[in-house]
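User: I would like to go through a structure with you, one question at a time. Could you show it here?

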Amino acid sequence: MVSESQNCRKTPALPFAVGKMAMLIGVLALQGDFYEHCLVLRRLGVEPREVRLPEHLQGLSGLIIPGGESTTLGKLSNTYRLTKPLREIAGSIPVWGTCAGLVFMAKDVGADQPILGILDMVVQRNAFGRQVDSFEEDIDIKGLEGGPFHGVFIRAPVITEIGPRIEVLCRLKDGRVVAVRQGRLIATSFHPELTNDPRFHKYFLSLVDSPS
Ligand code: GLN
């Protein structure tokens, strides 16, 4: 049995709910920091559902693929027969990948590992170096009001090539692309769920109501 503290559906909702109780947002919970995404969703008054099996995708309004380790994520996704249903659902509902989730969504990661291939982009993994080269930097994100966003980059990837359907949402000062959107699919190299700022999660939730 999952203990109460382990189950994101039981985490306390914090005061500034935005009245999105009807939304059911899935968080892929195979590996990585899915719990932190669940906490932010709860804080926004949204019901998260941990997704571990294909049937957990039914009835979702949106899906978040968390950070972690993309090779492990891909292998577990194959093991639990999620890869094909994830490809099929992408776009019919908004999907957002953070860090390893971004890698998993890409079309090409320059290595032989299981990926969804749903975002028309090439990704370089661990583009800033090793774990000790992780960093935090304030970044400007297109479409996000309220000033710069605190970007947390942990052994982060960068997007090195983008296809014509991809819109760049954020570049670092040196021009490297770290956030993109392709219709209702979005991906960030950084981890908004590890900050106290729920604006990016609100931005994602706004896609649920937007036309596909
Ligand atoms: N370096 C990891 C990968 O390529 C991603 C790290 C993360 O999600 N913070 O899978």
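User: Does Lys-107 count as buried, exposed or something in between, and why?

Analyst: Lys-107 counts as partly exposed because it has 15 C-beta neighbours inside 10 Å. A residue is buried with 20 or more other C-beta atoms within 10 Å of its own, exposed with 12 or fewer, and partly exposed in between, with C-beta atoms placed from the backbone. Please note that this is a predicted model, in which local features need pLDDT of at least 70, side-chain atom pairs count only at pLDDT 80 or more, and totals for chains, interfaces and linings use all residues. Residues are numbered from 1 along each chain as its sequence is written.

User: Where is Lys-107 found?

Analyst: Lys-107 belongs to strand E5, residues 106–108; strands (E, at least two residues) and helices (H or I, at least four) are DSSP runs numbered from the N terminus.

User: Which residues does Lys-107 touch?

Analyst: Leaving out residues up to four places away in sequence, Lys-107 touches Gly-117, Leu-119, Asp-120 and Met-121. Contact requires C-beta atoms, placed from the backbone, within 7 Å.

User: New topic: how many helices and strands does the protein chain have?

Analyst: The protein chain has 5 helices and 12 strands.

User: How much of the protein chain is buried?

Analyst: Of its 212 residues, 41% count as buried.

Notes:
Contact = placed C-beta atoms within 7 Å.
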